[in-house]
Amino acid sequence: MAELLWGLTTKVSLIFLVIFIFSSTKIFMKIIHNRKFTLRDKIIASMVFGFMGIIGTYSGIPYMGAIVNNRMIGVVFGGLIGGPFVGVLSGLIAGGHRFLIDMGGFTALSCGVSTAVEGLIAGLISPYFFRSKNRVVFGFLTGIITETVQMMIILLIAKPFADAFSLVSVISFPMVLTNSIGIALMIIIYENMIKINDMQGAFRSEQALRIARETMKYLRMGLTIEASQNVVRIIRDIAKVDAVAITDRERIFAYEGIDSLGFKVGDYIHSSITKQAMEQHIVISSLLNVDLKLKKNKNLSVVIAPLIVNGEAIGSIKLYSFGKTKTSMVDEELASGLAMLFSTQLELSHLDEQKNLLNKAELSVLQAKINPHFLFNALNTIHSLIRIEPNQARDLLVKFSDYFRNNIIHNGCFITLEKELDQVMAYLELEKARFGNRLTVEFDIPEELDIEVPPLIIQPLIENAIKHGIFEHKSSGKVKIMIAAFDTFYKISIEDDGVGIDENIVESIYRMDETTNCIGLLTTHKRLLATYRNNKGLYFETKPGNGTLVSFSISRGEKV
């Protein structure tokens, strides 16, 4: 028995060699990552674990017309990490081989059947294996159970029973102990590889986050040549790859790496796998064989990930590494992660552009909606003052020109709150000249205003207060402009003592009803919501006959 125990122990090393080789394959990496197998993956894994079982048979020790072996190690291990399909198929491969070969002996059928049963048992308890807190102990106990089942099947099937009993009484202890320890050791190797893979993944994740942080400011500019060139330089420095390229649909947009590859910005894409990655929206890795100036036929691995914006591939990112004999799943994860990050940033850039266009369009609406009556009334007021108050007329004419000049030159960009208030002052000077003492304006504004706002964000509110709140139903009134500075935000309020605003109009603005007559209020409300991340838009406080207070808040530095 001691000789059998030692012999089995020495034979296990061959199985470990096979699992070591298999552990470097992508299928094994999928197992580590807990990814779903395709049918093809399952078949290949089953063949590998079945082959490990066959090695266990051939390396076995002939004894009493049977073979004392390590066949079940690969089969049970495959069932535990691959599930029932892999366990049963690998068991059938290894067990079928044991039954069919000439060295079979009187236990050929029982050993063939027991191997398939062991794979089935391991596959059925696979979910419990992955949920186990101590997988090594779980594997060891699984080995004891499955080998015990094998001994029982030998006793039930092998004939004559006396020979089977004599055989089992001698081989059961060495096989149960050795094979159970073998499974436990395989699981230790498996878990160590998971830890190593996790460490590599964590390292790559940290690299991806660094790259994202460094490239964010460039990608928000969109997929421009300047931005892309900065991005590839950052990726190469941080990821430590030999070359990086970013393409659009047809050409190389940016490249950073050794000149030996011959890539140039502006060259057309000739690689079929790059086009395939973009067309099918998949990450593709490949090994190439390149002829460099200094070293001929040097291995080159490339990972290509598409850049997807709004469901459409607009380009790709390509990572090149020299000297590798295979592509790494970790490199694929890095390329895929970077592509997702960059795609998200490019989508945000597109949204920023759309918001900017929206702001410009809505500003144009406000400019176009400037009341023609205000224009004619202002000109008539200036005209009437030219003879009796020429100095005041001249000042008003300057205010008038400043007002319309500012309306023309602002194209949706942010301006300082001081400049926005200058525009408001010019407007109020014209209105006060028109209405004289019937219009009173009060200000409650702090001395320092360190914030930028969209242009024409306050004036429509004042115009609404004067036109609809006061002079539509009253002969005189007061408008108060208040700005309160808090630690994290400014609150801007326009208050009038007019007739108040109808609640139905307020509701229509909150619903963003385009049919409302208050275009200035609606557009201002929409611009606030579109321009600032957490802004609630306009807030109304009104009572019929007691005036209206319209306010909004802007956080310091909250520009989108």
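Biologist: Which residues have the most contacts inside the largest nonpolar core?
Modeller: Keep in mind that this is a predicted model. Leu417, Ile458, Ile462, Ile466 and Phe552 have the most contacts there, in a core of 37 residues.

Biologist: And which element supplies the largest share of this core?
Modeller: Helix α15 does, with 6 residues. Other elements supply at least two residues each, including α16 (459-470), β12 (489-496) and β14 (548-555).

Biologist: What does phenylalanine 552 touch?
Modeller: Leaving out residues up to four places away in sequence, phenylalanine 552 touches Ile457, Ile458, Leu461, Tyr490, Lys491, Ile492, Leu528, Gly537 and Leu538.

Biologist: How many residues are in the second, separate core?
Modeller: That core has 23, and Ala208, Val231, Val303 and Leu334 are among them.

Biologist: Different topic. Where is asparagine 69, and is it buried or exposed?
Modeller: Asparagine 69 lies in the loop between β2 (66-68) and α4. Its relative accessible area is 2%, which is under the 20% cut-off, so asparagine 69 counts as buried.

Biologist: What does its side chain reach?
Modeller: The backbone nitrogen of arginine 71, at 2.8 Å.

Biologist: Now α6. What do its buried residues pack against?
Modeller: They pack against α4 (71-82), α5 (84-100), α7 (126-131) and α8 (135-157). The buried residues of α6 include Cys111, Thr115, Glu118 and Ala122.

Biologist: How many residues does α6 have, and what length does it reach?
Modeller: Helix α6 has 17 residues, 108-124, and reaches 25 Å from its first C-alpha to its last, close to the expected 24 Å.

Notes: Residues numbered from 1 in each chain as written. Predicted model: local features only at pLDDT ≥ 70, side-chain atom pairs only at ≥ 80, totals over all residues. Heavy atoms only, no water. Helix = DSSP H or I, 4+ residues; strand = E, 2+ residues; numbered from the N terminus. Expected span 1.5 Å × (residues − 1). Buried < 20%, exposed > 50% of the residue type's maximum accessible area, 1.4 Å probe, protein only. Contact = heavy atoms within 4.5 Å. Polar contact = N/O pair within 3.5 Å; in protein donor to acceptor, adjacent residues only side chain to side chain. Core = buried A, V, L, I, M, F, W, Y, C linked by side-chain atoms within 4.5 Å.
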